[in-house]
Amino acid sequence: MEKNVLHDIRLKMEFLLLCAMLVLSVSPAYAQRNRTIHGIVVDENKEPLPAAHVKQVNDDPKGSIAAVITDIQGHFTLTLPYGTKEIEASYLGYTSQRIKLTATNDYYIALQPSTELLDEVVVTGYQTISKERATGAFSKVDAKKLETQRLSDMGSMLEGRVAGYSDGKIRGVTSMNGLTTPLYVIDGFPVEKTTNDGYGNWIESVPDLNMEDIESITVLKDAAATSIYGARAANGVVVITTKRAKKDELNVSFSATLTLQPYDTYADKYLAGSSTMVELEREWSRQNPHLSGDNVQSYAQTVLDNMSYSSLGIRNILNYYAGHISRDQMESNLTNLASQGYRYYRDIEKYGKRNPFSQQYNLNIGKGTEKNTFNASVSYRNNQLEDKYSENRTIGINLQNSTKMTSWLTLDVGTYLNYGKGTTQSFNLFSPGYTYMPYNGLVNGDGTYYTNTEEERYSLYNLNLLHNNGLYNLDITPLDEIKMNQTKNRDFSNRTFARLTFKFTDWLKYTASFQYEYAEYKTEQLKSKDSYEVRNKVNTFSTSNNDGTSTFALPYGNIFFTSSNTTHAYNFRQQLDFNKTFADVHDVTMILGTETRENKLEYNDRTLYNYDPQLLTYSLIDAGALSNFRGQWGYASFGQQNFAYIRELINRYVSVYSNAAYTYDGKYMVSGSIRWDKTNLFSTGSKYQKRPIWSVGAGWNVDREKFFHVSWVNMLKLRASYGIGGNIAKNSAPYMIAYYSNNNQVGGIQGTISSRPNPNLRWEKTTTLNVGVDFALLGNRLNGSIEYYNKRGTDLLANTNGVPTEGWGYSTYSINNGKMTNQGFELTLSGDVIRNNDWNWNISGVLGYNKNKVTYANQQLKTSSDS
């Protein structure tokens, strides 16, 4: 199949070169009857207006009209008959302007706002369209809305600004076992950051990106907006456009952001304090029937010996009943404990935490000319996290260049590099390995670090086992532990792309794009032999010699763990764009393209025992014997994750897609899109490989109707869409899945079947009905949108019981038989309270409601959740 794809690519490139030669050969004759003009359309702030409409003014109603849409930088090139006297530029929310043509061929057109509507332009990643022609559900956040806040992550940018976006998901959860995160698209290319957690799970994260480079973020929500992305779009798509230099300008900008966040456990607001806990412990003693009668002393001593309760309050009570202390001593001790308030949590704040402090510095340089634009940015971040020994530093470099090589050929190239280092504290003071109460502390009265001794945790039996067999001491000093076993990470990622655009005419162009991604995320953790974790692990793999000593199957020493996630990915796309206006009222746009993608994900880790970081030496271990070890201290478990673990995942896609839209007189819009995805994730049978993903949509600009005369309504648009979105589970496959390892009993290689063959495996399907209203009122001071959606997921991957006769490995497996619904509405409002030439006061808000319900998973269900 790969050979055929390459052959097709070669044929298409030869065809394009032939077409380009034909265009060049006819250009002299063409020039005798026409003239070509160039220009840029900008707003009142001299910012470029992408997707503005520039057309020939023709007084003959039956004559043809030449028209063009400006590119992402506001530039246009228009070929006109020599007799043309005027052109007209228009843009949603701005007053149309006619420009008289002169002898010059370069024009600078500045439009003035007539309205101030949200989201004038929609960037889908495949094309740029004006909102007035869009039929899908979109939300947009541009750079102007982000200038008031310096935000360091994507979630903060979208939360509260995009209706329906919550907790990293768009319009609810759409899958049981597949992906639930949206697809991220950066400058037209899908980008996925997938890593393995070391336990076989593939985790999706937000791609690496300089946040200060973002020009706009467009969130695609319904099928009409997302179906063009195929079997990865059911969860929505986040399209990110980065900044571009402006023509004839040199822009140099620098920003520095320092952020300090006071840390607080808020324990006094949500948790019980010392006095409450001591009172509960007193109540326990009053309600305990065993603490009265003749056997009370024996009972209390037995409970103490068995360490049934490890809290200081209860042990003080038991010590009184066992006869070790007097009642006055008990009362004094309990009163002292009750007076401690929230001591443990305050000690955490003082000795184990800090106020998170982040520094971010950004330098951006942009230079634009008539034929070339160049952008470079550098971003440096230094974050000191709330854990005392956790921090990270990253530097991101973004380079982009666009060259207009000829009037019909444009080359765009760019690269993004990200390098980061960090340290993560592994010991958690909120889970220190022993039971604590609010009256406990981390520091003693004399200022020394508190140590939780073996005697405070273990029963008399376990203490004898530790002390009589020469096992390692298991005291825990939390403030020493937080300094040890820290995880250090080194991350590197790179995206490099090239895009070649052939412009055959003003209304037809061909674009070939290629992007390559490489990323490597490395971690290493040196677990100190002095840490509780190592001491306890070595004790676990020990056997008694019955002479006061033990034999340790695992050597006592440092444990060194390293892991690496590596990604190789490429994306090659070819696309034809058609955009033409007929008779001044018929706007037709269409794209047709093919896309080939491959993602190769590799994970490996290893663990070395008795490691010396100075000499770089370590001890060999018998992994086979350790995997079946039965020791004297606790449960000994030793698997691949304790020695060496390797995983690899390869996803391939070959796709064909198309999108078309028709607008009549700026009033009525219809659109449709379709895409076929072939991938190694789906069934090998043609029945499921050839199922398309599609959508249809329609819109009506009511305010442009002649009968509509409502002075306080400046814009009113109705739209509706319906279609199918797809979703995948990256670790699924139509083939049998087995894991192989060494057999430690008889030698050789053994395989464990984890999933039976599933020839009917296919992508998860989500059908979406969306109805929306866009409006602008009161002189465009109040504008917004209302959306209703109904998403029905079918063919969702759900676990089902296997046939017992097929074997233990088939006891459960995933098949496409789950069903789920997501219904909800969204409201977006933005209003200018004060708007004049000096300053503007705007208030905006979003509201979203989603009801998720699983309706089928092997049986009819009635489980739902509202959000």
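Arg457 is buried, with a relative accessible area of 13%; buried means under 20% relative accessible area, exposed over 50%, and partly exposed in between (1.4 Å probe, protein chains only). This is a predicted model, in which local features need pLDDT of at least 70 and side-chain atom pairs count only at pLDDT 80 or more, while totals for chains, interfaces and linings use all residues. Residues are numbered from 1 along each chain as its sequence is written, and side-chain values use heavy atoms, with hydrogens and water left out.

**Arg457 and its surroundings**

- Arg457 lies in the loop between β23 (409-424) and α11. Helices (H or I, at least four residues) and strands (E, at least two) are DSSP runs, numbered from the N terminus.
- Not counting residues up to four places away in sequence, Arg457 touches Met307, Gly433, Tyr434, Asn452, Leu474, Asp475, Ile476 and Tyr532. Contact means heavy atoms within 4.5 Å.
- Arg457 and Lys421 are 36 residues apart in sequence, and their C-alpha atoms are 38 Å apart in space.

**The protein as a whole**

- The protein has 15 helices and 41 strands.
- Of the 867 residues in the protein, 48% are buried.
- Taken along the principal axes, the C-alpha atoms fill a box of roughly 115 × 65 × 60 Å.
- Among contacts between residues at least 6 apart in sequence, 69% join residues at least 24 apart.

- In helix α11 (residues 460-468), the buried residues are Leu463, Leu465 and Leu466. Seen down the axis of α11, these buried residues fall within an arc of 160°, so they line one face of the helix. The arc is that of the directions from the helix axis to the C-beta atoms.
- An α-helix has 3.6 residues a turn, so residues three or four places apart point the same way.
- The cover over the buried residues of α11 includes α13 (532-540).
- Just after α11, Gly470 has a positive phi of about 70°.
- The buried residues of α13 are Tyr532, Val534, Arg535, Val538, Asn539 and Thr540. Tyr532 is also one of the residues that Arg457 touches.
- What covers the buried residues of α13 includes α11, α12 (478-481), β25, β26 (542-544), β27 (550-552) and β28 (559-582).

**Tyr510 in strand β25**

- Tyr510 is in strand β25 (residues 508-527). Tyr510 is buried, with a relative accessible area of 4%.
- Tyr510 and Gln575 are 65 residues apart along the chain, yet their C-alpha atoms are separated by 5.7 Å.

**Helices α8 and α9**

- Two packed helices are described by the angle between their axes and the distance between the axes.
- The axes of helix α8 (residues 312-321) and helix α9 (residues 327-338) come within 9 Å and cross at roughly 175°. Axes are lines fitted to C-alpha atoms, for helices over the stretch in contact, and angles run from 0 to 180 degrees between N-to-C directions.
- α8 and α9 are therefore roughly antiparallel to each other. Angles under 35 degrees count as roughly parallel, over 145 as roughly antiparallel, 65 to 115 as roughly perpendicular and the rest as oblique.
- From α8, Leu312, Gly313, Asn316, Ile317 and Tyr320 meet Arg327, Met330, Asn333, Leu334 and Leu337 from α9.

**The sheet β4-β1-β7**

- Three strands form an open sheet in the order β4-β1-β7, with mixed pairing. Two strands pair if DSSP finds at least two bridges between them.
- The edge strands, β4 (75-81) and β7 (106-110), each pair on one side only.
- Strand β1 (residues 34-42) runs antiparallel to β4 and is joined to β4 by seven bridges. The bridge partner of Asn34 in β4 is Pro81.

**The sheet β3-β2-β5-β6**

- Four strands form an open sheet in the order β3-β2-β5-β6, and the pairing is antiparallel.
- Here β3 (67-69) and β6 (94-100) are the edge strands, and each pairs on one side only.
- Three bridges join strand β2 (residues 53-56) to β3. Val54 stands opposite Val68 in β3.

- Four bridges join β15 to strand β16 (residues 202-205), and the two run antiparallel. Lys193 stands opposite Ser205 in β16.
- The hairpin has five residues between the strands, and Gly198 takes a positive phi near 90°.
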